[in-house]
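Please open the model in a viewer and keep the selection tool at hand.

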Amino acid sequence: WLLFADFVRKHKKLPSASPKQYIVSSVFGYPPVTILLLALFPKQFLEKFQFLFSPFFDFVNNYLIFVAGFIFTGNITIALVAQVIAALTPIIAIEASNLNSRMLSSLIFTTSFFPLIMYSLTGEMIYIIFAAVGLFVLFFTHRFAIQSYLVSVLGLSIVEQNPFYVVFFLVVFALVNLCSPRLYRAILKEHIASLKFWSDKIDLRFAHQFRGLSPAKKPTDFIQQVYNLSTKNPLVYIVGNNPWVLALLVSVVIPITTSLGDVTQTKLATWALSLLVWMTLVLSIKKLRIFGEGQRYLEYCTLPMGIIIGSRIAVLFTRYGGLAYTLFAFMVLSMTLTIIYLQYKAIVKDRARSVTDEVWEIIDYINIHNGKSIRLAMFPLQLGDAILYFTKCSILTSDLYSGLFELRDLFPVLRVPLATILKKYKINHIFLDRTFVSLEELRLKNYKILVDRNNFVLLKV
């Protein structure tokens, strides 16, 4: 993100292709809203405070959930509980821990889908205008968010037997193509490329790049272990990402009269359950896994989940008083501790995606030793963007799926001898993490260790 934002800041336009530092380049196909927003801020500010953006977007989204809860019910307790539930959703808290476009897309999704529901309830034109503007911007913000939006409108149209929601989506889609055909065509092409890329490789989605699907050595990376659970036990995986799902299912099954209103409740339940059902199908059926990491759909139904659960909890507060408050406080504490644990395991202890002191040593070495002449292969690939941003070296990867097609012998699993690939792309250095792959597994005949710090190794080959 910072690399593209820096380009926009310098050239006052979006790039037409990948930065030259990517050895395998491709036509620019990123949804640009996040990039354009970041480009408004000075480079030094972004480098120092990039960690603030996602939490800020999440904060605003949580506030909108509070507003929506109050508008739907007129009950401040329900609104507050809905906001607390949204804030204490584990997958959201993890996503808000780093700079990405998902938090902004969740916010824009809310600013569009909430008014869409309000329009269906009231018929007031101001809501449909807000919904249309929000969806228009969302098309240029995040591809996965558009998938989630489409699933949601399909669910509402089917349940209500009303094509309005799908027609609304298609009309905005047409406007997007009319107003910015070239840019959105590139975004859509990349979206389709991501589906095609995994269509014949889905079994290898979570495979080790060098060991493949071999069970001989279990992954030590916590995030990889969690991903592996998604295919082995999808239901446990879903609940682990958002335990509030259990409360939602109980809320839907057990009838309780609330201040939410039957029509509103049905619309919100349809929104949430459409995404939950589709998510379960994606995680359970192999051929559907090309539609992304299933748990991501949870990020786009926190509003309906929070308000539905909140409306039930508010009734329990009234009926059972202190006991209900105590139970809810226990749930809040449990969720807080769960999030702290996951933050520690997935963020604080994550060496594969964090620029640690040892990684900085290697970055400094590259910068001191004529980084422009270095052509680097990285194992694993996750730190590639950071190395690109802080150095001038070229890296054997691509920023888009359309480029990854060329690297099919290297990713997702190695299919030819590594030496063959190094020779083909004129690679002269390798950056590896020994906790991911050993030097022996590289099967290189000649190499020289330049830097070796806490299992992060820079090789000259």
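In this predicted model, a search for disulfides, that is, pairs of cysteine sulfur atoms within 2.5 Å, returns a count of zero. Select Cys 301 next: with a relative accessible area of 0%, Cys 301 is buried. Cys 393 is likewise buried, its relative accessible area being 0%.

Now display the largest nonpolar core, which comprises 107 residues. Which of its residues touch the most other members? They are Phe 72, Tyr 149, Leu 376 and Ile 387. Colour helix 7, residues 102–122, as well: with ten residues, this helix gives the most to the core. Apart from this core lies another, of 28 residues, which includes Ile 23, Phe 197, Ile 202 and Ile 421.

Return to Tyr 149 and show its contacts, setting aside neighbours within four places in sequence. Tyr 149 then meets Phe 109, Ser 112, Phe 113, Leu 116, Ala 131, Leu 135, Leu 138, Phe 168 and Phe 169.

Move on to Ile 387, which is found in helix 19, residues 384–390. Is Ile 387 buried or exposed? Its relative accessibility is 0%, so Ile 387 counts as buried, the limit for that class being under 20%. Residues up to four places away in sequence not being counted, Ile 387 touches Val 359, Ile 363, Ile 366, Leu 376, Met 378, Cys 393, Ile 395 and Phe 431.

Finally, draw a distance between the C-alpha atoms of Ile 387 and Ala 131: they are separated by 39 Å, and the two residues lie 256 residues apart along the chain.

How values were computed
Residues are numbered from 1 along each chain as its sequence is written. This is a predicted model: local features need pLDDT of at least 70, side-chain atom pairs count only at pLDDT 80 or more; totals for chains, interfaces and linings use all residues. Side-chain values use heavy atoms; hydrogens and water are left out. Buried means under 20% relative accessible area, exposed over 50%, partly exposed in between (1.4 Å probe, protein chains only). A nonpolar core is a set of buried Ala, Val, Leu, Ile, Met, Phe, Trp, Tyr and Cys residues joined through side-chain atoms within 4.5 Å. Helices (H or I, at least four residues) and strands (E, at least two) are DSSP runs, numbered from the N terminus. Contact means heavy atoms within 4.5 Å.
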